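Visitor: I am new to protein models. Could you walk me through this one?

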Amino acid sequence: MNKYLSKWAEDLSVEIGELEEGVLNAPQHLLGMHTDSGSGVQIFIAYRPCAWTMWLLDEKGQQVCEMERVGIDGMFGAVIEKKKDFLKKYSFRVKYGDDDIIDFYDPYSFAKTITDFDCYIFGEGNHYKIYEKLGAHRETIDGVTGTRFAVWAPQARCVSVVGEFNMWDGRLHKMMLHGESGIFELFIPDAWEGASYKYEITAQDGEKLFKTDPYGNYAELRPGNASRITSLDGYEWQDGEYQKKFNKNVADKRDREPMNIYEVHLASWKKRIEDDDNGNYSYRELAHMLGDYVVEMGYTHIELMGIAEYPFDGSWGYQVGCYYAPTSRYGTPKDFMYFVDEMHKRGIQVILDWVPAHFPKDEHCLGNFDGQALYEHPDRRRGEHPDWGTYIFDYGRKEVRNFLVANALFWVEKFHIDGLRVDAVASMLYLDYGKQDGQWLPNKDGGNEHYEAVEFLQQLNDIMEKEHPGAYIIAEESTAWPGVTASIKENGLGFSYKWNMGWMNDFLEYMKLDPYFKQFHHEQLCFSIDYYLSEKYILVLSHDEVVHGKCSLWNKMPGLEGDKYAALRAAYGFMYGHPGKKLLFMGQEFAQKREWAEYRSLDWFLLDEDIRHRQMQDYIKALNQLYKEYDAFYYNDFDVMGFEWMDCERPQTSTIAFVRRGKTAKNQMMFILNFTPVAHTKYTVKVPCGGTFTEILNSDEERFGGQGRINSDPIRAKKTKFTDKNGKTQDGYEIELYLAPLAAIILKYDYK
């Protein structure tokens with residue numbers, strides 16, 4: 001053996017032993033090209049188990065010399081003693097058999113690109129573009145194209161990249177550790193676009209773990225669970241003008257604009273093949289099909305359930321496996337870019353459901369990532385949801401918060417997402433959420449408030465507002481936690497909007513009642529107005545209310561079939577009139593009868609089988625058109641002047657009336673609703689002013705499936721006197737009209 005190689009092997013015997021054991025975390029100290037400080041010679045070391053022979057090649061790919069076996073089986077070395085012959089660029093040739101000869105560039109000849117500063121600000125939790133450093137990224141370095149891999153695994157003994165490009169052999173591509181940061185990195189020239197890969201992580205106890213890339217941008221189609229190499233660069237966005245407008249759409253302006261959301265589960269909106277395990281339409285197909293439908297129906301936004309990659313279909317995307325990868329169920333990441341682009345071309349904003357509350361326990365996912373709790377809290381009382389069977393993020397760990405905040409920014413920056421709806425916020429805010437005594441750990445003050453989660457949510461909302469003022473973040477928060485949409489300066493959480501779960505629960509419980517019993521629950525119908533200004537609310541009739549035995553909205557309505565359709569139209573009329581932005585789950589716009597299931601398509605056949613479903617669809621379309629046409633529906637959603645009761649004190653008839661005011665005195669709206677199957681031929685109700693009131697929509701119109709009992713002529717308000725709450729008599733106005741059974745009436749008037 002060459003004397004220099006012999007000395008090299010002796011000096012690095014510890015590292016060679018670690019390589020042989022499979023626990024080497026600094027392979028760059030042993031492998032690659034080195035200039036010996038004592039002799040000044042150039043030493044090349046490669047490790048290829050099972051190789052017969054290896055050669056050192058120059059920058060032109062010509063053989064320089066055959067390499068010697070050194071140290072352990074599979075390790076080869078070569079020495080160049082004369083400086084004039086030194087190589088600046090080199091590669092290796094390896095022979096595994098007579099017909100199995102491969103040339104490859106040495107991964108350890110490429111310097112690390114993640115800097116100490118990157119590691120520092122990630123460790124501080126403030127590296128908001130960390131997804132450009134960690135994960136798998138296609139790069140070309142000195143004319144060599146490959147993939148740079150980087151992963152955070154601070155408690156690992158060593159980490160290898162394994163994949164199709166190295167026969168899943170963890171001995172070949174040991175990653176290089178950055179000091180004490182816990183970040184491992186390696187550039188692999190042979191790792192091609194589309195190749196599947198994982199990280200082989202050796203835990204402190206020697207156990208081998210095979211993990212999906214936490215920052216990977218693409219994954220195998222289930223049931224596979226490996227990551228796939230992909231590049232997010234190169235897609236030519238067509239939404240430049242849209243983005244300019246969107247980025248100026250700051251909170252005050254956005255609050256004054258229409259927001260009418262169509263909530264969608266892509267797999268079950270429509271199926272290509274109903275009984276096929278992956279009979280889904282692609283992102284590109286759905287971009288046109290769904291985009292055109294949303295425009296035709298008059299919605300302004302869509303909200304997508306479960307886009308970040310997830311293992312189990314039945315989780316609907318709420319148990320995420322790969323936070324930085326759009327699910328491959330419908331295509332590639334660039335296919336999803338196309339989907340968003342097409343929505344923007346149509347003027348439709350895209351909201352993604354986002355799940356920072358918990359993640360699944362599947363072995364390939366984030367749980368016990370490097371052999372110990374890393375992304376989850378190490379104490380089971382803080383780190384697990386016993387009811388859900390999932391892990392809870394450790395919000396007190398800065399790198400974990402960085403992972404999540406950067407992920408929210410990632411969807412906005414890389415995929416042009418307009419907004420995020422944060423799932424299960426209540427489960428994050430309360431340490432005892434869904435837990436029994438002994439299953440949770442109080443905070444430092446002995447309470448159940450999760451201080452670290454609060455800090456995380458405030459950081460998330462603060463950074464999003466600073467980095468992307470046009471983007472918005474919506475909270476699904478089901479409790480009375482104060483200040484969810486209040487500013488962080490006011491000690492609020494800083495969300496843009498909050499789902500009004502209280503209204504949804506109260507209203508649906510009210511609507512399910514037999515008409516006779518509604519009179520005893522009138523407050524349940526009206527109560528939401530008492531607090532509608534406490535937060536910036538979105539009224540939701542979401543997927544959660546039409547699944548798991550809860551039945552469809554149509555089936556929640558009491559009575560015979562005809563009454564069910566009429567009651568549902570009245571319910572929608574109230575929802576559109578009530579202050580707050582709007583969300584309706586797919587299928588409910590045409591009165592889907594069966595409750596929703598993620599494995600089958602919506603029942604579009606109902607539109608052809610029964611005209612009443614098409615009439616319901618037309619009714620929602622008409623409401624959507626009015627909603628966008630008249631700003632009284634939305635302009636003052638969060639302003640006290642936007643709403644006033646005209647009548648909420650007739651529980652015996654289960655009727656209510658109120659007005660909605662827009663930006664000007666013109667084209668204001670009055671809503672009158674009847675929630676019983678009893679007609680009122682001469683319904684008299686107070687109005688806010690004199691003048692003419694014109695019926696612009698009646699849910700009993702024949703075109704919507706009603707019986708045509710409408711008020712076709714303009715209605716003149718009459719002067720009257722009424723007694724206020726203090727017993728004083730005041731002058732006022734009233735109108736008289738026909739109020740059909742189970743009906744919603746919308747009147748237009750100008751305030752005088």
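**Reading the model**

Guide: Start with a contact: Asp637 and Arg660 form a salt bridge, with 2.9 Å between the closest N and O atoms. A salt bridge is a side-chain nitrogen of Lys or Arg within 4 Å of a carboxyl oxygen of Asp or Glu. This is a predicted model: local features need pLDDT of at least 70, side-chain atom pairs count only at pLDDT 80 or more, and totals for chains, interfaces and linings use all residues. Residues are numbered from 1 along each chain as its sequence is written, and side-chain values use heavy atoms, with hydrogens and water left out.

Visitor: Why does the pair of Asp637 and Arg660 tie together parts of the sequence?

Guide: Asp637 lies in the loop between helix 19 (611–629) and strand 29 (643–650), while Arg660 is in strand 30 (residues 655–660), so the pair ties together parts that are 23 residues apart in sequence. Helices (H or I, at least four residues) and strands (E, at least two) are DSSP runs, numbered from the N terminus.

Visitor: Is Asp637 buried or exposed?

Guide: Buried means under 20% relative accessible area, exposed over 50%, and partly exposed in between (1.4 Å probe, protein chains only). Asp637 is buried, at 1%. Arg660 is buried too, at 0%.

Visitor: How exposed are Lys84 and Asp85?

Guide: These two form a salt bridge, their closest N and O atoms being 3.4 Å apart. Lys84 is exposed, with a relative accessible area of 68%. Asp85 is partly exposed, at 36%.

Visitor: Now a strand. How many residues of strand 27 are buried?

Guide: Five of the five residues of strand 27 (residues 537–541) are buried, so the strand is largely enclosed by the rest of the structure. Look at its two faces. Tyr537, Leu539 and Leu541 are buried on one side, Ile538 and Val540 on the other.

Visitor: Which strands pair with strand 27?

Guide: Two strands pair if DSSP finds at least two bridges between them. Strand 26 (residues 497–499) runs parallel to strand 27, joined by two bridges. Here Lys498 has Tyr537 as its bridge partner. Strand 28 (residues 581–585) also pairs with strand 27 in the parallel sense, over four bridges. Ile538 has Lys581 as its partner there.

Visitor: What does antiparallel pairing look like here?

Guide: Find the open sheet of three strands, in the order 32-36-35. Strand 32 (680–687) and strand 35 (718–723) stand at the edges with a single partner strand each, so one side of each has no neighbour in the sheet. Strand 35 pairs with strand 36 (residues 729–739) over six antiparallel bridges. Thr720 stands opposite Gly732 in strand 36.

Visitor: How do I check the span of helix 17?

Guide: The expected span is 1.5 Å times one less than the number of residues. Helix 17 (residues 561–577) has 17 residues and should span 24 Å; its end C-alpha atoms are 25 Å apart, which agrees.

Visitor: Where is Phe520?

Guide: Phe520 sits in the loop between helix 14 (515–518) and helix 15 (522–526). Phe520 counts as exposed, at 53% relative accessibility.
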